[in-house]
Amino acid sequence: MKKRLFALAIMVSVFAMMLVGCGTDTNTSQAGSGNAANDSSYVIGYANMNRVNAHCIKIADSIKATVEGAGNEYLETDAGDDAAKQLSDIDDLISYGCDAIIIDPVDSNGISSSIEACKKAAIPVFIVDVEIADAEDVV
């Protein structure tokens, strides 16, 4: 329950930052480099559809600023608009042990297997920017 509330708070903060605007820092962290710095922080993964589109970059930068600003670890993957790669990226984020995963889906109909995998791992999933076909198990 505590993880869900924290993840919800992050999403509210992300959307608030998107409305207000964000910085121009384009540096990203990549998944697979280790665990969070301390036990009281969370690891938040972001499965980005691409890191080319300005809109996608702005969303990623907002999420990164919010997560790291709260003292948590941010991991981002870049699917490069490849749905199969995004499914693999999400599997990597699950394996890494993320406490929550935020997804900007490449394929709104093809993301359900990854959402199910997150559900089985008890990892809350947040979908941003794209409406998905089956949103029952996401926040």
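The axes of helix 3 and helix 4 come within 9 Å and cross at roughly 5°. That makes helix 3 roughly parallel to helix 4, a label for angles under 35 degrees, with over 145 counting as roughly antiparallel, 65 to 115 as roughly perpendicular and the rest as oblique. Axes are lines fitted to C-alpha atoms, for helices over the stretch in contact, and angles run from 0 to 180 degrees between N-to-C directions. Leu87, Ile90 and Ile94 of helix 3 make the contact with Ser113, Ser114, Ala117 and Cys118 of helix 4. Contact means heavy atoms within 4.5 Å.

This is a predicted model: local features need pLDDT of at least 70, side-chain atom pairs count only at pLDDT 80 or more, and totals for chains, interfaces and linings use all residues. Residues are numbered from 1 along each chain as its sequence is written, and side-chain values use heavy atoms, with hydrogens and water left out.

**Overall layout**

- The protein has four helices and four strands. Helices (H or I, at least four residues) and strands (E, at least two) are DSSP runs, numbered from the N terminus.
- From the N terminus on, the elements run α-β-α-β-α-β-α-β.
- Of the 139 residues, 42% count as buried. Buried means under 20% relative accessible area, exposed over 50%, and partly exposed in between (1.4 Å probe, protein chains only).
- Among contacts between residues at least 6 apart in sequence, 69% join residues at least 24 apart.

**Helix 4 and its buried face**

- Helix 4 spans residues 112-120, and its residues Ser114, Ile115 and Cys118 are buried.
- Seen down the helix axis, these buried residues fall within an arc of 100°, so they line one face of helix 4. The arc is that of the directions from the helix axis to the C-beta atoms.
- An α-helix has 3.6 residues a turn, so residues three or four places apart point the same way.
- The buried residues of helix 4 pack against helix 3 (83-96), strand 3 (100-103) and strand 4 (125-127).

**Nonpolar cores**

- The largest nonpolar core has 17 residues. Such a core is a set of buried Ala, Val, Leu, Ile, Met, Phe, Trp, Tyr and Cys residues joined through side-chain atoms within 4.5 Å.
- Ile90, Cys98, Ile101, Ile103 and Cys118 have the most contacts inside this core.
- Strand 1, helix 3, strand 3, helix 4 and strand 4 each supply at least two of its residues. The largest share, four residues, comes from helix 3.
- A second, separate core of 12 residues includes Tyr46, Ile63, Tyr74 and Val128.
- Cys118 is in contact with Ile90, Ile94, Ile101, Ile123 and Val125, leaving aside neighbours within four places in sequence.
- Ile94 sits in helix 3 and is buried, with a relative accessible area of 18%.
- Beyond residues up to four places away in sequence, Ile94 touches Ile101, Ser114, Ala117, Cys118, Ala121 and Ile123. Ile94 and Ala121 are 27 residues apart in sequence, yet their C-alpha atoms are 7.3 Å apart.

**Buried polar residues**

- Asn48 lies in strand 1 (residues 43-48). At 0% relative accessibility, Asn48 is buried.
- The Asn48 side chain makes a polar contact with the side chain of Glu76 (3.1 Å). A polar atom of the Asn48 side chain also lies 3.0 Å from the backbone oxygen of Asn50.
- A polar contact is a pair of N or O atoms within 3.5 Å; within protein, one must be able to donate a hydrogen and the other to accept it, and residues adjacent in sequence count only if both atoms are side-chain atoms.
- Outside four places in sequence, the contacts of Asn48 include Cys56, Ala60, Gln86 and Asp104.
- Asp61 lies in helix 2 (residues 54-69) and is buried, with a relative accessible area of 9%. Its side chain makes a polar contact with that of Arg51 (3.0 Å).

**Positive phi in the loops**

- Most residues other than glycine have a negative phi.
- Asp81 is not a glycine, but has a positive phi of about 60°. Asp81 sits in the loop between strand 2 (73-78) and helix 3 and is partly exposed, at 46% relative accessibility.
- Ala122 is in the loop between helix 4 and strand 4 and counts as exposed, at 64% relative accessibility.
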